[in-house]
Amino acid sequence: MEARMTGRDGGAPLEPLGNTPVVILIRPQMAENIGTTARAMANGGLFHLRIVSPRDGWPQERAWRAASGADRILEAATVHDSVDDAIADLHHVYATCPRPRHIIKTVMTARGGAAELRAATRRGLKVGLMFGPERAGLDNEDMARADALIRYPLNPAFMSLNLAQAVMIMAYEWWMSEDSTPPRTLMTNETHVATKGELENFMSHLVRELDDCGFLRNAQKKPGMVRNLRHFFTRGEVTEQELRTLHGVVRELAHPRGKDGLPDAG
């Protein structure tokens with residue numbers, strides 16, 4: 001392959017991540033869509049690409065330009081004359097289908113399909129995902145070769161997806177089926193979530209200054225007011241840096257000030 005077709009100096013160092021599903025593009029019409037499909041596959045840890053009867057032949061330089069560095073997926077892609085040839089070595093094949101047409105076959109969501117794909121690959125089976133041509137999708141003959149259909153539960157008033165979007169949904173669900181990223185986390189950068197000791201040190205500082213300035217003069221209400229302040233600072237994960245800033249705020253507010261707003265010299 002000519003060097004000019006390999007994108008950004010060979011692209012990202014992509015390689016197969018174990019036994020992952022094969023993406024099979026049936027009669028794709030545009031090289032750019034094959035390239036963006038490779039990009040979507042790389043996002044979700046998929047590597048193996050098979051292309052059945054591409055309209056404009058293969059390889060196509062425009063695919064590399066659209067792949068944004070997913071060059072190795074394109075370079076490893078294989079071309080097949082028929083669906084049967086593309087799936088011959090696979091054990092299970094799933095077909096994405098926006099509109100099942102008078103077919104009696106199991107239909108799953110993308111998430112359900114990804115879970116079954118993951119279970120099959122854990123057993124050492126080879127699996128594939130078929131995607132149809134951009135304009136009309138898979139025909140009945142294509143879908144007849146699939147074990148089950150995958151249909152995305154999208155807005156019924158508008159379910160139009162381009163090829164790369166359709167692949168991206170399955171790549172994402174495949175990746176997430178074994179991802180352990182917490183659903184929610186606090187980004188603290190160079191600081192850390194304040195310990196109870198650090199928080200209590202700040203509360204002591206704050207209450208001391210509030211006593212001195214007379215804010216807590218009502219002895220009957222003082223315990224409740226202090227509890228409210230404590231609840232405020234423990235409701236979220238205050239960081240050590242934020243507490244240091246608040247210490248400075250309280251310290252400055254506690255200094256007597258003259259008419260010019262500056263702290264009194266005496």
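Axes are lines fitted to C-alpha atoms, for helices over the stretch in contact; the legends below use this convention for a predicted model.

**View 1. Crossing of helices H5 and H7.** The axes of helix H5 (residues 110-122) and H7 come within 9 Å and cross at roughly 55 degrees. That angle makes H5 oblique to H7, and the crossing is right-handed. From H5, the contact draws on Ala110, Arg111, Ala114, Leu117, Arg118 and Thr121, and from H7 on Ile169, Met170, Glu173, Trp174 and Trp175. Grouped by class, the residues of this contact are seven nonpolar, one polar and three charged.

**View 2. The largest nonpolar core.** This core has 37 residues, and those with the most contacts inside it are Leu25, Leu49, Leu74, Phe131 and Met170. Helix H7 (residues 163-176) gives the most to the core, with six residues. A second, separate core has 16 residues, including Ile26, Ala95, Met130 and Met143.

**View 3. Surroundings of Met170.** Apart from its neighbours within four places in sequence, Met170 is in contact with Ala110, Ala114 and Leu117, as well as with Thr96, Leu129, Phe131, Ile150 and Tyr152.

**View 4. Packing of helix H8 with helix H10.** The axes of H8 (residues 196-213) and H10 (residues 240-254) come within 10 Å, crossing at roughly 15 degrees. H8 is therefore roughly parallel to H10, and passes H10 in a left-handed crossing. In H8, Glu198, Leu199, Asn201, Phe202, His205, Leu206 and Glu209 meet Glu240, Leu243, Leu246, His247, Val250, Arg251 and Ala254 in H10. By class, this contact has seven nonpolar, three polar and four charged residues.

Conventions: Residues numbered from 1 in each chain as written. Predicted model: local features only at pLDDT ≥ 70, side-chain atom pairs only at ≥ 80, totals over all residues. Heavy atoms only, no water. Core = buried A, V, L, I, M, F, W, Y, C linked by side-chain atoms within 4.5 Å. Buried < 20%, exposed > 50% of the residue type's maximum accessible area, 1.4 Å probe, protein only. Helix = DSSP H or I, 4+ residues; strand = E, 2+ residues; numbered from the N terminus. Contact = heavy atoms within 4.5 Å. Axes fitted to C-alpha atoms, helices over the stretch in contact; angles between N-to-C directions. Parallel < 35°, antiparallel > 145°, perpendicular 65-115°, else oblique. Left-handed = near helix turned anticlockwise from the far one by under 90°. Nonpolar A, V, L, I, M, F, W, Y, C, P; charged D, E, K, R; others polar.
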